[in-house]
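Hello,

Here is the structure I promised to hand over. My notes on it follow below.

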Amino acid sequence: MKRLWPWLRLLLAVAILVAMGVRLGTGAFLDGLRAIDAFSVVAALAIGFVTTLLSAGRWVLIARRLGLSLSLRTAVSDYYRALLVNAVLPAGVLGDVHRAVNHGRESGDVGRGVRAVFFERFAGQVVLIGIGLAVLLVHPSPGFDLTLNGTTVAVILTCLVVLVVAGWRVRVVRQLLVKTLADGIRLLSLKTWPAVLGLSVATVAGYVAMFVVAARAAGSDATITQLAPVVVLALLIMAIPVNIGGFGPREAFLAVAFGAAGLGAQHGFTTGIVYGVLALIAALPGAIVLVTSRRAKTEQVEVVAERVDQAREQELALAR
């Protein structure tokens, strides 16, 4: 099942896109590509830089609080590289895994490096969920009911308790939970979490701005008030690990949500396509990071090899 799951995710994403294409017509794909102009490209690069800088700053704060050294410049370049890898490879988290392990190795503590990235991403998701609930409570989106009865809450809490208890009985998981909890307590300092919260809120605002640019490019004239509840839910839907470079559930959800809100299902689908392309464009600076980092490693290997050869030549000269 572990071997099949990655392929199943791809097949599910393809099936979703094919179903949407059959339902709305292939013209929706082409409309999304044709809608991208110079302004939207520049806006995507600018917004992408701001959100990447904010996210990297959040990572720096968390890593330093956990005792790991990390400069903002390194964090920004690594974050750009992770965004590009997430965008072009399946699963959407491989870039984050790479930056976590790579930073952990460079810092001498892989476990803590992974936990730093985990808390960085976790903080962003918690803030996103909080903002999403707040927006939907103030401006409920048609077709979505946020009312939770006591039975639903009890079932959710019971499932969480069962998962924690089951994990605690496994020694490896128990050790991991203890270390994660200890690091989480360290992050509750007033010197850390308010700044992390502020950076996370600003990052979500950047994502919303990108969606607004995509919606305008797709031809939607919906107001920010109409788009806000749909956008925050779309951001949450994007966390589902069933996509191809981010495409899949997002487009299906936007088509349904736009249709339910009276904004037009095709506009929603086209907005998803435009957003996906703009997000990829915003991550393109990561390609520069990949090229430069690979070139730097190649030069380092060449320097080491040259030094080894020089040492051998000196030994031969002394022997003579």
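**Helix α11**

In α11, the buried residues are Pro249, Arg250, Glu251, Ala252, Phe253, Leu254, Ala255, Ala257 and Phe258. Buried means under 20% relative accessible area, exposed means over 50%, and partly exposed is in between (1.4 Å probe, protein chains only). Nine of the twelve residues of α11 are buried, so the helix is largely enclosed by the rest of the structure. Helix α11 covers residues 249-260 and reaches 16 Å from its first C-alpha to its last. That is close to the 16 Å expected at 1.5 Å a residue. The expected span is 1.5 Å times one less than the number of residues in the helix. Just after α11, Gly262 takes a positive phi of about 75 degrees.

**Before you read on**

This is a predicted model: local features need pLDDT of at least 70, side-chain atom pairs count only at pLDDT 80 or more, and totals for chains, interfaces and linings use all residues. Residues are numbered from 1 along each chain as its sequence is written, and side-chain values use heavy atoms, with hydrogens and water left out.

**The chain overall**

The secondary structure comes to 13 helices and zero strands. Helices (H or I, at least four residues) and strands (E, at least two) are DSSP runs, numbered from the N terminus. Of the 320 residues of the chain, 38% count as buried.

**Aromatic rings**

The structure holds four aromatic pairs. Rings of Phe, Tyr and Trp (its six-membered ring) pair if their centres lie within 6.5 Å; planes under 30 degrees apart count as stacked, over 60 as edge-to-face and the rest as tilted. One of the pairs is Phe118 with Phe119. It is edge-to-face, at 5.3 Å centre to centre and 65 degrees between the planes. Phe118 also pairs with Phe122. That pair is stacked, at 5.7 Å centre to centre and 20 degrees between the planes. Phe118 and Phe122 are four residues apart in helix α6 (residues 110-138), so about one helical turn separates them. Phe118, Phe119 and Phe122 form one aromatic cluster.

Phe119 is buried, at 11%.

Elsewhere, Arg99 lies over the face of Trp59, at 4.6 Å from the ring centre. The cut-offs: a charge sits over a ring if NZ of Lys or CZ of Arg is within 6 Å of the ring centre and within 35 degrees of the ring normal.

**A nonpolar patch**

Leu181, Ile185, Leu188, Leu190, Trp193, Leu197 and Val201 make a nonpolar surface patch of about 730 Å². The elements that give it two or more residues are α8 (171-186) and α9 (193-217). The largest share, three residues, comes from α9. Leu181 sits in helix α8. Leu181 is exposed, with a relative accessible area of 56%.

Patch residues have over 30% relative accessible area and no salt bridge; like charges are joined within 9 Å, nonpolar side chains (Val, Leu, Ile, Met, Phe, Trp, Tyr) within 5 Å. A salt bridge is a side-chain nitrogen of Lys or Arg within 4 Å of a carboxyl oxygen of Asp or Glu. Accessible areas come from the Shrake-Rupley method with a 1.4 Å probe; for residues, only the protein chains shown count as cover.

Val232 lies in helix α10 (residues 224-237). Val232 is buried, at 4% relative accessibility. Val232 and Val208 are 24 residues apart in sequence and 7.4 Å apart in space, C-alpha to C-alpha.

Best wishes
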